[in-house]
Amino acid sequence: MKLDKSKKYVFAVSGGPDSMALLDMGVKEGYTFVVCHVNYHKRDNSYYEMLGVQEYCKKNNIDCYVLNESYSYKGNFQSFARNYRYDFFIKVVNENNLDGIVCAHQKDDLIETYLMQKAKNLDVSYFGLNYESSYKGIKVFRPLLDFSKKDLIEYCKANNVRYFIDESNLSKDYTRNKFRHEVLSCMSEDEMNNIIEEIKSLNEKKKNIFNVVVKLIDNKLFEIEKYNNLDVEEKFMFLRLWLNKHVGNMKYSKKFLEEMDLIIKSNKNSELKLGDYKFVKSYKVCEIVGITDKTYSFVIKSNSLVQNEFFKVLTNGRKIDGISVKDDEWPLTIRNYQEGDSIKLRFGTKKLNRWFIDKKIPVHIRKTWPVVLNNKNEIIMVPGIGADIYHSTIKPTIFVVKC
């Protein structure tokens with residue numbers, strides 16, 4: 001068993017042969033750890049399993065923390081139970097200043113997990129089980145992945161380690177148990193080893209793809225042309241890593257990533273809500289932006305210098321940013337663009353939205369683009385794009401520049 005002996009751990013011990021073998025190996029190999037056990041009160045044996053774990057720990061002077069409380073849950077019990085016990089483990093890790101959690105997952109669990117991933121056609125970041133992962137920022141170690149269930153049962157028998165059999169594992173009510181009894185139990189040793197090699201090969205491929213795309217995820221914005229240079233697998237891993245970095249570490253299904261890929265490939269500008277963020281595809285780029293659009297409105301009483309994060313008012317500048325304002329049109333209002341805004345041009349009234357489209361202004365940028373209104377609430381200018389029919393001039397009196 002390979003763990004850092006300078007570190008201190010929580011050993012997760014259920015009382016089954018896997019975790020009792022882990023516990024006994026930990027004692028014999030001189031690791032520093034405490035034990036955590038959870039009693040779910042779901043089976044007749046659960047009380048005796050708890051006593052068995054406590055008895056072993058007492059005999060070997062190991063601190064044993066037991067979660068033995070009433071609880072309630074909704075939905076899938078297996079999913080609830082996993083979060084319930086791992087949150088307990090983390091509590092013990094933090095209270096005792098420990099370095100991580102050690103679990104007794106073994107080779108059979110590794111293969112079962114992989115076969116379930118394959119059956120569900122999941123696009124995962126890692127196939128099977130990794131030796132080291134994390135849960136809510138705490139490291140989780142699985143040092144028994146090279147041992148089979150049979151190996152660990154034989155270890156317990158050879159070392160006179162008492163263990164309990166979880167009768168719920170004999171049931172076929174759970175998907176994992178169906179794989180265990182209907183698929184894994186029928187495999188030869190050679191077949192299992194072949195699957196292990198297949199898992200290693202796939203994960204090596206994943207690692208190589210990761211090394212390609214991880215360099216591209218730092219910015220919230222990416223160019224579609226560069227995205228299109230990636231192959232399909234690289235695209236999906238890029239999207240997953242990019243979303244995890246800039247939106248949050250969540251599970252993104254293969255179907256969701258395929259839908260996002262279609263949005264990127266389409267010729268339309270699109271937005272997709274992602275919790276507190278939005279994915280925005282606009283012309284040649286895609287970007288993650290905050291879901292709350294900034295709005296602003298400033299009253300400008302005279303032709304004086306003004307500057308903020310959205311625009312600046314100057315006394316000189318480019319012709320396209322300049323207009324001539326009559327004395328009876330003050331004060332001006334400068335605010336962000338709003339749906340329905342329009343401006344009067346030589347050939348008629350034009351919706352600003354259409355003007356933005358013609359100029360290929362990205363959707364998310366339009367929403368904070370400044371527009372200038374006179375005191376009659378008429379839009380007389382859009383900085384950087386143009387002025388209405390009455391204010392375009394070769395002798396501007398004011399310049400408004402978008403920041």
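In which loop does N61 lie? N61 lies in the loop between α2 and β3 (64-67), where helices (H or I, at least four residues) and strands (E, at least two) are DSSP runs numbered from the N terminus. The model is predicted, so local features need pLDDT of at least 70 and side-chain atom pairs count only at pLDDT 80 or more, while totals for chains, interfaces and linings use all residues. Residues are numbered from 1 along each chain as its sequence is written, and side-chain values use heavy atoms, with hydrogens and water left out.

**Backbone geometry**

- Most residues other than glycine have a negative phi, and most peptide bonds are trans.
- N61, although not a glycine, has a positive phi of about 55°.
- N61 is exposed, with a relative accessible area of 73%; exposed means over 50% relative accessible area, buried under 20%, and partly exposed in between (1.4 Å probe, protein chains only).
- N160, which is not a glycine, also has a positive phi of about 55°.
- N160 is placed in the loop between α5 and α6 (175-182), and it counts as exposed at 73% relative accessibility.
- The peptide bond from W330 to P331 is cis, with omega near 0°.
- P331 belongs to the loop between β14 (322-323) and β15 (332-336).

**Strand pairing**

- Strands of a sheet pair through backbone hydrogen bonds, either parallel or antiparallel; here, two strands pair if DSSP finds at least two bridges between them.
- Strand β4 (residues 101-102) runs parallel to β6 (residues 138-141), and 2 bridges join them; V102 has F141 in β6 as its bridge partner.
- Strand β5 (residues 132-135) pairs with β6 in the antiparallel sense over 4 bridges, and the bridge partner of Y135 in β6 is I138.
- The hairpin of β5 and β6 has 2 residues between the strands, and K136 takes a positive phi near 50° there.

**Nonpolar cores**

- A nonpolar core is a set of buried Ala, Val, Leu, Ile, Met, Phe, Trp, Tyr and Cys residues joined through side-chain atoms within 4.5 Å.
- The largest nonpolar core has 25 residues, and those with the most contacts inside it are M1, L3, F11, M20, L23, F33 and V35.
- Two or more residues of this core come from each of β1 (8-12), α1 (17-28), β2 (32-38), α2 (46-59) and α5 (149-158).
- Helix α1 gives the largest share of this core, 5 residues.
- Apart from neighbours within four places in sequence, M1 is in contact (heavy atoms within 4.5 Å) with F11, L22, M25, G26, E29, Y31, P143 and L144.
- A second, separate core of 24 residues includes Y227, W242, L243 and V247.

**Second largest pocket**

- The second largest pocket has a volume of about 420 Å³.
- On a 1 Å grid over the protein atoms alone, a pocket is an open set of points where a 1.4 Å probe fits, with protein on both sides within 12 Å along at least five of seven lines; lining residues have an atom within 4 Å of a point.
- Grid points are joined across faces, edges and corners, and the volume is the space filled by probe spheres set on the points.
- This pocket is lined by 20 residues, of which L110, Y131, L145, D146 and K200 are the closest to its centre.
- The elements that give two or more residues to the lining are α4 (107-119) and α7 (189-213), and the largest share, 5 residues, comes from α7.
- The lining has 12 nonpolar, 3 polar and 5 charged residues; Ala, Val, Leu, Ile, Met, Phe, Trp, Tyr, Cys and Pro count as nonpolar, Asp, Glu, Lys and Arg as charged, and the others, Gly among them, as polar.

**Buried helix residues**

- K206 is found in helix α7 and is buried, with a relative accessible area of 12%.
- Not counting residues up to four places away in sequence, K206 touches D123, V124, S125, F127 and M237.
- A81 lies in helix α3 (residues 77-95) and counts as buried at 3% relative accessibility.
- A81 and Y40 are 41 residues apart in sequence and 8.1 Å apart in space, C-alpha to C-alpha.
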